[in-house]
Amino acid sequence: MDNLKELEGKRLHDYNEVKMAKLVSPIWVPGPVIVGAGPSGLAAAACLKEKGIPSLILERADCLASMWQLKTYDRLRLHLPKQFCQLPFMPFPKNFPTYPTKQQFLAYLKAYANHFDIKPDFNRIVVSAEFDNRCGYWRVKTVDLKKEEEAEYVCQWLIVATGENAEAVVPQIEGMNEFAGPIFHTISYKSGDMFGGKNVLVVGCGNSGMEVCLDLCNYNARPSLVVRDSVHVLPQQMFGRSTFGLSMCLLKWFPMCLVDHFLLVMSHFMLGDTAQLGLNRPKLGPLRLKNLSGKTPVLDVGTLAQIKNGKIKVCRGIKKLTQHAVEFVDGKVEKFDAIILATGYKSNVPSWLKDTDMFSEKDGLPRKEFPNGWKGVGGLYAVGFTKRGLLGASLDAKRIAEDIENSWKAAKATHVLAFTCATSPR
Ligand SMILES: Cc1cc2nc3c(=O)[nH]c(=O)nc-3n(C[C@H](O)[C@H](O)[C@H](O)COP(=O)(O)OP(=O)(O)OC[C@H]3O[C@@H](n4cnc5c(N)ncnc54)[C@H](O)[C@@H]3O)c2cc1C
Ligand SMILES: NC(=O)c1ccc[n+]([C@@H]2O[C@H](COP(=O)([O-])OP(=O)(O)OC[C@H]3O[C@@H](n4cnc5c(N)ncnc54)[C@H](OP(=O)(O)O)[C@@H]3O)[C@@H](O)[C@H]2O)c1
C-alpha cells in the first residue's frame, strides 16, 4: 500500500509542479513531434530520418524506453523471437539469443538511437496537445519537471507514441487500506529477492503474473496466483519453433479457427488439461480472442510446471482483504505477507490529447481497428497501439513516415507563413 500511496503522492507533486511552472514563448518544430521515446517513438523517428525528415521526441522520463528500463522485472526477456521484435532498418546482433534479455533489448534500443542519431528531449512530460483551428497546427504543451518550466511546441504533425502500457492498472479491492503488508503493482517489482519464505499473492494471470510467480518460486517464496476468469496458456515453442512464428506461418495457409484448433490440440498434448489446474480456457481460441479483444495468451516459460507440482497455488477472484488475510469469492480465507498486482496497464492518451475523435475515451486506444488505427486527421498519428507488440509498432512507424513524406516537401514551402501565425499570441 505504501508504494501506491507514494505513487499518488508523486502524481499530486507533479500536478503542483505543473501549476508552478513558468510559460515561455511557443517553439516552432519544422518536422513531426513524437510523444514518447519508447521503441515505438524511436521506430517512428528512425523511419522519418530515413526519408530525410527531422523530428522531435518529447519524453517524460530521463531515459529512453523508460518502461523497459524502469518498470520491468529483472528476469524479463522478450517472449517472441528477436526477428519479430526488431525495429525497422536494424536487426538484432547475430550473437543475441532467440529471446533477448531485457538488458540486451535495452542495449539494442540504445544502439538503435545512436545509429539514427535520435536524441529525445528528456524529462519533458506532455500535459496537453490540441489542434489549433486558427492556423491549422498542433500546440503541444509540456512541463520540464526538473527545471519547472512550461514550454509550448507548435507543429504540423503529431505522432502519439506513449504506449498501451503508459500507466499501471490498480484495481480497487475492498479492504485494501486495512491490509498490513505491502501491496504493489508489477511496475515496482524487480525480483523475488525480498520475498524468500513469504506467502505472496499475485493478482492477475497475464504474462506478468505468471512470470512473477515463477520468479518468486526461484527465490523460495510461496506464491499464490489469482485467476478470476479464463486464460489461454500456450507453450512458448512447438516442434522447436516459436508458437508465435508457427502461428503466423500457418495463418498464411489456413483460416484462423483451424490454426486455433491446432494450437489448442498441441497445447493439450504438451501441457495437459489446464482447467484441471484452475486455468479454464476461454470459449474463443487464442488467436481469435487476441484479434477480437486484444487479450494476449500466456506463453508458458515454466510457471505451469510449478503449478502442477504445487509450488504455486491457484486461487479464485478476491472478495476482500483484511489485515493479514485475503478472502476469496469461493469463501476460502488465506494469510498473506504481500500482494503483487499483475493487473495490467492502460494508455494515458485521453489525459493529455484534447478534442480528437481518433482515440477512444474509454481505453485510450485508436477507435479504428488494426490495421487502420495509425492515422487520424489534421496530421495526427499513432504508433504502437495495435495490440501487436513491437511488430505492430514497426508497421505503424513505416506507414506513418511514408504518409508524412507526401506532405513534408509541400509543407516546407508554407512553413515560413505558418511560423508567423502559430507563434503569435492567441
Ligand atoms: C512487461 C512487458 C513485456 C513486454 N514484452 C514484449 C515482447 O517481448 N515483445 C513485444 O513485441 N512486446 C512486448 N511488450 C509490449 C510492449 O508494449 C512493447 O514491447 C513496447 O514497449 C511498446 O513500446 P512503446 O514505445 O509503444 O511504449 P512504451 O515502451 O511504453 O514507451 C512509451 C514512452 O512514452 C512515454 N510517455 C508516456 N506518456 C508521456 C507523456 N504524457 N509525455 C511524454 N512522454 C510520455 C513513456 O515514459 C515511455 O517512455 C511487453 C510489455 C510489457 C509491459
Ligand atoms: N516479454 C514477456 O515475457 C512479457 C512479460 C510480461 C508481460 N508481457 C506483455 O505485457 C503486456 C501486459 O501484460 P500483463 O500480464 O502485465 O497484463 P495483462 O495481459 O493485461 O493481464 C492482466 C491480468 O490481470 C487480471 N486482472 C485485472 N484486474 C484484476 C482484478 N481486480 N482481480 C483479478 N485479476 C485481475 C486480468 O484478468 P482478466 O483477463 O479477467 O481481466 C489479467 O489476467 C501484454 O502484452 C503481455 O504479453 C510480456
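1. Lys-320 faces Glu-327, a residue of strand E19. Strands E18 (residues 318-321) and E19 (residues 325-328) are antiparallel partners joined by three bridges, and three residues lie between them in a hairpin. Strands are taken as DSSP runs of E with at least two residues, helices as runs of H or I with at least four residues, both numbered from the N terminus; two strands pair if DSSP finds at least two bridges between them.

2. The structure is a predicted model, in which local features need pLDDT of at least 70 and side-chain atom pairs count only at pLDDT 80 or more, while totals for chains, interfaces and linings use all residues. Residues are numbered from 1 along each chain as its sequence is written, with chains lettered from A and ligands numbered from 1 in the order in which they are written.

3. The chain holds 10 helices and 23 strands. Its C-alpha trace spans about 70 × 55 × 40 Å along the principal axes. A compact globule of 426 residues would have a radius of gyration near 22 Å, and the 23 Å of the chain agrees with this; the radius is taken over C-alpha atoms, and the globule rule is 2.2 Å times the number of residues to the power 0.38. Among contacts between residues at least 6 apart in sequence, 67% join residues at least 24 apart, a contact requiring C-beta atoms, placed from the backbone, within 7 Å.

4. Two domains divide the chain: domain 1 (2-166 + 347-423) and domain 2 (169-341), with bounds from an automatic or database domain assignment. Their centres, taken over C-alpha atoms, are 30 Å apart. At the interface, 12 residues of domain 1 are in contact with 19 residues of domain 2. The side of domain 1 that touches domain 2 comprises five nonpolar, two polar and five charged residues. In this classification Ala, Val, Leu, Ile, Met, Phe, Trp, Tyr, Cys and Pro are nonpolar, Asp, Glu, Lys and Arg are charged, and the others, Gly among them, are polar.

5. Asn-207 belongs to helix H5. Asn-207 counts as buried because it has 20 C-beta neighbours inside 10 Å; the limits are 20 or more for buried, 12 or fewer for exposed, and partly exposed in between. Leaving aside residues up to four places away in sequence, Asn-207 touches His-79, Thr-296, Val-298 and Leu-299.

6. Ligand 1 is surrounded by 36 residues, the closest being Gly-36, Gly-38, Gly-163, Gly-384 and Gly-389. At least two residues of the shell come from each of helix H2 (39-50), helix H3 (66-70), strand E5 (124-132) and helix H10 (389-422). The shell comprises 19 nonpolar, 14 polar and three charged residues.

7. Strand E11 (residues 199-203) runs parallel to E12, with five bridges joining them; Leu-201 stands opposite Ser-224 in E12. Strand E12 (residues 222-226) is mostly covered, with four of its five residues buried.

Definitions and conventions
Contact = placed C-beta atoms within 7 Å. Near = placed C-beta within 6 Å.
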